Amino acid sequence: MKLTSREQDSVVILEPKGKIMGGPDATALREVVHEVINEGKKQVVVDLAQVDWMNSTGLGILISCLTTMKNGGGQLRLANVTDKIKSLLTITKLVTVFDSYDSTDEAVSSFQEA
């Protein structure tokens with residue numbers, strides 16, 4: 001997995017690419033979320049448009065990132081959830097835990113509305 005990040009309207013957008021399966025990927029994603037909180041940023045969108053696959057460890061990573069953001073007083077939203085990942089979230093009932101949006105722009109805008 002490759003991970004890039006950018007900012008849009010004071011929201012940090014994390015863009016993983018490839019497969020989220022644990023191992024070094026898990027560490028990289030968690031470290032970035034901790035850095036974001038340490039920098040005082042409270043709003044994160046994880047753009048899943050370029051994620052090919054995610055296993056249960058990958059889901060655990062997302063849950064960990066969500067928990068870290070909430071514990072730090074922040075919020076995490078998902079954008080561009082692919083059908084494969086949406087199916088995984090539905091089967092595990094995690095679809096009710098994450099706020100998901102069809103596009104990155106919608107996810108970013110949702111912070112302004114809150």
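**Reading a predicted model through its definitions**

User: What makes Arg 77 count as lying over the face of Phe 111?

Analyst: Arg 77 is 4.2 Å from the ring centre of Phe 111, and a charge sits over a ring if NZ of Lys or CZ of Arg is within 6 Å of the ring centre and within 35 degrees of the ring normal. This is a predicted model, in which local features need pLDDT of at least 70 and side-chain atom pairs count only at pLDDT 80 or more, while totals for chains, interfaces and linings use all residues. Residues are numbered from 1 along each chain as its sequence is written, and side-chain values use heavy atoms, leaving out hydrogens and water.

User: How do you know how confident the predictor is in the protein chain?

Analyst: The pLDDT, which is the predictor's confidence in each residue from 0 to 100, averages 93 over the protein chain, and 99% of the residues score at least 70. Among the elements, which are DSSP runs numbered from the N terminus (helices, H or I, of at least four residues; strands, E, of at least two), helix 1 has the lowest mean, 89, and strand 5 the highest, 98.

User: Why is Thr 68 called buried?

Analyst: Thr 68, which lies in helix 2, has a relative accessible area of 16%, and it is called buried because that term means under 20%, with exposed over 50% and partly exposed in between (1.4 Å probe, protein chains only). Beyond its neighbours within four places in sequence, Thr 68 is in contact (heavy atoms within 4.5 Å) with Val 33, His 34 and Ile 37.

User: What makes Val 33 buried?

Analyst: The relative accessibility of Val 33 is 1%, so this residue of helix 1 counts as buried. Leaving aside neighbours within four places in sequence, Val 33 is in contact with Leu 14, Cys 65, Thr 68 and Met 69. Its C-alpha atom is 8.3 Å from that of Val 44, a residue 11 places apart in sequence.

User: Why is Asp 99 called partly exposed?

Analyst: Asp 99 has a relative accessible area of 39% and is therefore partly exposed. It sits in strand 6, residues 99–101, and, leaving aside its neighbours within four places in sequence, is in contact with Arg 77 and Leu 78.

User: What makes a set of 28 residues the largest nonpolar core?

Analyst: A nonpolar core is a set of buried Ala, Val, Leu, Ile, Met, Phe, Trp, Tyr and Cys residues joined through side-chain atoms within 4.5 Å; the largest such set here has 28 residues, of which Leu 48, Met 54, Leu 76 and Leu 78 touch the most other members. Elements that give two or more residues to this core include strand 2 (11–20), helix 1 (24–38), helix 2 (56–71) and strand 5 (75–79). Apart from it lies another core, of 7 residues, among them Ile 13, Val 45, Ala 107 and Val 108.

User: How do you know on which side of helix 3 its buried residues lie?

Analyst: The buried residues of helix 3 are Ile 85, Leu 88 and Leu 89. They cover an arc of only 100 degrees around the axis, taken from the directions from the helix axis to the C-beta atoms, and therefore lie on the same side of helix 3. On the other side, Asp 83 and Ile 91 are exposed, while strand 4, helix 2 and strand 5 are included in what covers the buried residues.
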